[in-house]
Amino acid sequence: MERERKLLQQAVAIAATIPVATGLYGVLFGQALTGDAVSISAESHFRFLSGLLLGIGLCFWSTLPSIEIRTGRFRLLTLLVIIGGLGRLIGLGLTGLPSFFMIGGLFIELAVAPALCLWQTRVANRYAEEHGVA
């Protein structure tokens, strides 16, 4: 049980580095990540969304110390990521294929995040069984 918990913590720590890094970059440098010139309002919106991305990554990191009992928080964060991924998927259908990095984001949002959430649930259930908690 402890080994699986540690592996989950490591996987989440690594995966959450992506939204933390890209979110921080977006907050600091705005639309420069894409190389596109946009209006000041679009730039502001991009920085806001980057701040949300940064916050989601930090919140995932906040689950690490007691990941086995953070199921509610983990599921909420995963739901937010999936909703964002569905928005990206709709955009793909409406506007076409984005860059390779955006496709990578889509994979993380719709495959990696749900897989990590299922793994967290497994670890939480095993912890509950071993320690007699509901």
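Which residues have the most contacts inside the largest nonpolar core? The legends below begin with that view.

This is a predicted model, in which local features need pLDDT of at least 70 and side-chain atom pairs count only at pLDDT 80 or more, whereas totals for chains, interfaces and linings use all residues. Residues are numbered from 1 along each chain as its sequence is written, and side-chain values use heavy atoms, with hydrogens and water left out.

**View 1. The largest nonpolar core.** Leu8, Val12, Phe60, Ile67 and Phe74 have the most contacts inside this core, which has 14 residues; a nonpolar core is a set of buried Ala, Val, Leu, Ile, Met, Phe, Trp, Tyr and Cys residues joined through side-chain atoms within 4.5 Å. At least two residues of this core come from each of α1, α2, α3 and α4 (100–131), and α4 gives the most, with four residues. Helices are DSSP runs of H or I with at least four residues, numbered from the N terminus. Leaving aside residues up to four places away in sequence, Val12 touches Phe60, Trp61, Thr63, Leu64, Ile67, Phe74 and Leu116, where a contact means heavy atoms within 4.5 Å.

**View 2. Helix α2 and its buried residues.** Helix α2 (residues 40–62) has 23 residues, which at 1.5 Å a residue should span 33 Å, and this agrees with the 33 Å between its end C-alpha atoms; the expected span is 1.5 Å times one less than the number of residues. Glu43, Ser50, Leu54, Ile56, Gly57 and Phe60 are buried in α2, and the buried residues of this helix pack against α1 (2–29) and α3 (71–95). Buried means under 20% relative accessible area, exposed over 50%, and partly exposed in between, with a 1.4 Å probe and protein chains only. Glu43 and Arg47 form a salt bridge through their side chains (3.0 Å, N to O), a salt bridge being a side-chain nitrogen of Lys or Arg within 4 Å of a carboxyl oxygen of Asp or Glu. Because Glu43 and Arg47 are four residues apart in helix α2, about one helical turn separates them; Glu43 counts as buried at 18% relative accessibility, and Arg47 as partly exposed at 30%.

**View 3. Glu68 and its salt bridge to Arg5.** Glu68 lies in the loop between α2 and α3 and, at 11% relative accessibility, counts as buried. Arg5 forms a salt bridge with Glu68, with the closest N and O atoms 2.6 Å apart, and this pair links distant parts of the chain, since Arg5 is in helix α1 and the two residues are 63 residues apart. Not counting residues up to four places away in sequence, Glu68 touches Arg5, Gln120, Val123, Ala124 and Tyr127.

**View 4. Arg122 and Glu4.** A salt bridge (2.6 Å, N to O) joins the side chains of Arg122 and Glu4, linking helix α4 to helix α1 across 118 residues. Arg122 counts as partly exposed at 46% relative accessibility, whereas Glu4 is buried, with a relative accessible area of 13%.

**View 5. The Tyr25 and Phe29 rings.** Tyr25 and Phe29 lie four residues apart in helix α1, about one turn of the helix. Tyr25 is partly exposed at a relative accessible area of 34%, and Phe29 is partly exposed at 45%.
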